[in-house]
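Please look over the sequence and the 3D structure shown below before reading on. The report after them is meant to be read with both in view.

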Amino acid sequence: MERTGCVVAGGGPAGVMLGLLLARAGVEVVVLEKHRDFLRDFRGDTVHPSTLRLLDELGLGAQFAALSRSVLERMKMEIGEETVIAADFSRLRGPHKHIAMVPQAEFLGLLAEAGAAEPKFSLHMGASVVSLRREAGRVTGVDYRDDTGVHELAAPLTVGCDGRWSTVRRELGLALRESDVPMDVWQVRVPKAGPGEQGVFARFGPGYASVTMDRGDYYQTSYLIPRGQDARLRSGPVEDFRARLAELFGWTPSQVSAIRSWDDVKLLEVTMGLLPRWHAPGALCIGDAAHPMSPVGGVGVNLAVQDAVATARLLAEPLRRGEVPVSRLAAVRRRRLLPTVAVQSSQRGEHEMLLRPALAGTLDRLPTPMRVVQRFPVLSGVTAYLGGVGLRPEHAPAFARRSGVDSYAG
């Protein structure tokens, strides 16, 4: 049987970040990622100011700056015939007055490369958790499958960073308290024709809600549909959907013709919820495994990274001793509950204020809170702070910091 100091299920942002931090703390850690690479369509590509600062603290700011990316300084929303700057990141303090938009595969590659430089770090691609191992009521590791078969991996702690459909969460028998959400999301790519509008821009109105992001040579576009209506809406001609996008964003028939069929329209089934308890003896869930987020604001990746930092800080010392008390596992949830609840409350507010009326066809004017932001632009800095930095932002633990690398402000 294989043994390690900590097994992390899931090689997304939370999992790879946690593995890197624990390895820098001297904990032997194995990260298991079920896919063979990090390349996936329509993953969260926004890296918020709190995470940018964290990368500086880890000595990775310069490497991150070298990745292919664009920046978002202001979030502009068109609601009916009116426009509002919903968040102005240029008003933030510090070197990172923007959101960086980087393909998640490149971001994960950077973290994995930094992890690979640590003797205690191991990343297994194409390895999926099958089940949890237990002894005397305590999780003692996992069984995982790769190309060579099923293997046993023992560890004093198993951390589920395996997303909204978490195997670890299911194996622990932990049930989400789910929130009602009004939408699912269709995701497509539309090629650019010339320079075009840059950044992120959104269109909301009676019967429609869509957000698109400039990704260099294409627009990564999310089109919201009423929850559970995917099959019904796909029964119509895809040409109607193409025409709708062209009307919303001013795209040419040639651009939207890249959506050849409904096969090019990917469905994200939106789930939002919160675990009342994130742990069991020997196991812990963080990130979307503990609190799947709405895609509103693109904050899920950054909240998950913050979870990973708090987890490493609280658990590194007991992991070095080879035993993690349940009280320490519970402390992770206590630390991260306030920012999680605050973000989800904000997302529910946006669902009810903006998305549900838009999808129901009743959004015919700028909602009052947005009208206030429009009238008093200084408030767009407050919304930028809440969305880009948030409550209780986490700093890199001392054991994980690397000096001698200047932060970047680009």
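## The model and its confidence

This is a predicted model, in which local features need pLDDT of at least 70 and side-chain atom pairs count only at pLDDT 80 or more, while totals for chains, interfaces and linings use all residues. Residues are numbered from 1 along each chain as its sequence is written, and side-chain values use heavy atoms, with hydrogens and water left out.

The pLDDT is the predictor's confidence in each residue, on a scale from 0 to 100. For this chain the mean pLDDT is 92, and 95% of the residues reach 70 or more. Over residues 404-410, however, the pLDDT is below 50, although this stretch has 17 contacts in the model beyond near neighbours in sequence, a contact being heavy atoms within 4.5 Å. Where pLDDT is low, the predicted coordinates should not be read in detail.

## Overall form

The C-alpha atoms of the chain fill a box of roughly 60 × 50 × 35 Å along the principal axes. Because a compact globule with 410 residues would have a radius of gyration near 22 Å, the chain's value of 21 Å agrees with that expectation; the radius is taken over C-alpha atoms, and the globule rule is 2.2 Å times the number of residues to the power 0.38.

Of the 410 residues in the chain, 53% are buried, where buried means under 20% relative accessible area, exposed means over 50%, and partly exposed lies in between (1.4 Å probe, protein chains only). Among the contacts between residues at least 6 apart in sequence, 74% join residues at least 24 apart.

## Strands and sheets

The chain has twelve helices and 22 strands, which are DSSP runs numbered from the N terminus (helices are H or I with at least four residues, strands are E with at least two). Two strands pair if DSSP finds at least two bridges between them. Strands of a sheet pair through backbone hydrogen bonds, either parallel or antiparallel.

Strand 3 (residues 29-33) runs parallel to strand 9 and is joined to strand 9 by five bridges, with Leu 32 opposite His 124. Another open sheet has three strands in the order 4-8-5 and antiparallel pairing; here strand 5 is joined to strand 8 (residues 99-101) by three bridges, and Leu 72 stands opposite Ile 99.

## Two hairpins in a row

Strand 10 (residues 128-135) and strand 11 (residues 138-146) run antiparallel and are joined by seven bridges, with Ser 131 opposite Asp 143. Their hairpin has two residues between the strands, and Ala 136 takes a positive phi near 55 degrees there.

Strand 11 also pairs with strand 12 (residues 149-154), in the antiparallel sense and over six bridges. Again a hairpin makes the link, with two residues joining strand 11 to strand 12, and Arg 145 has Val 150 as its bridge partner.

A nonpolar core is a set of buried Ala, Val, Leu, Ile, Met, Phe, Trp, Tyr and Cys residues joined through side-chain atoms within 4.5 Å. The largest has 74 residues, and those with the most contacts inside it include Cys 6, Leu 32, Phe 64 and Ile 286. A second, separate core has 32 residues, among them Met 77 and Leu 354.

How many disulfides does the chain have? The count comes to zero, when a disulfide is taken as a pair of cysteine sulfur atoms within 2.5 Å. The sulfur of Cys 161 has its closest cysteine sulfur in Cys 6, at 8.3 Å, which is too far for a bond. Cys 6 counts as buried because its relative accessibility is 0%, and Cys 161 counts as buried at 10%.

## Two helices

Helix 2 (residues 49-57) is mostly covered, with eight of its nine residues buried, including Pro 49, Leu 52 and Glu 57. Just after helix 2, Gly 59 takes a positive phi of about 80 degrees.

Ala 310 is found in helix 9 (residues 300-321), and Ala 310 counts as buried because its relative accessibility is 1%. Leaving aside neighbours within four places in sequence, Ala 310 is in contact with Arg 335, Arg 336 and Glu 394. Although Ala 310 and Glu 394 are 84 residues apart in sequence, they are 6.6 Å apart in space, C-alpha to C-alpha.
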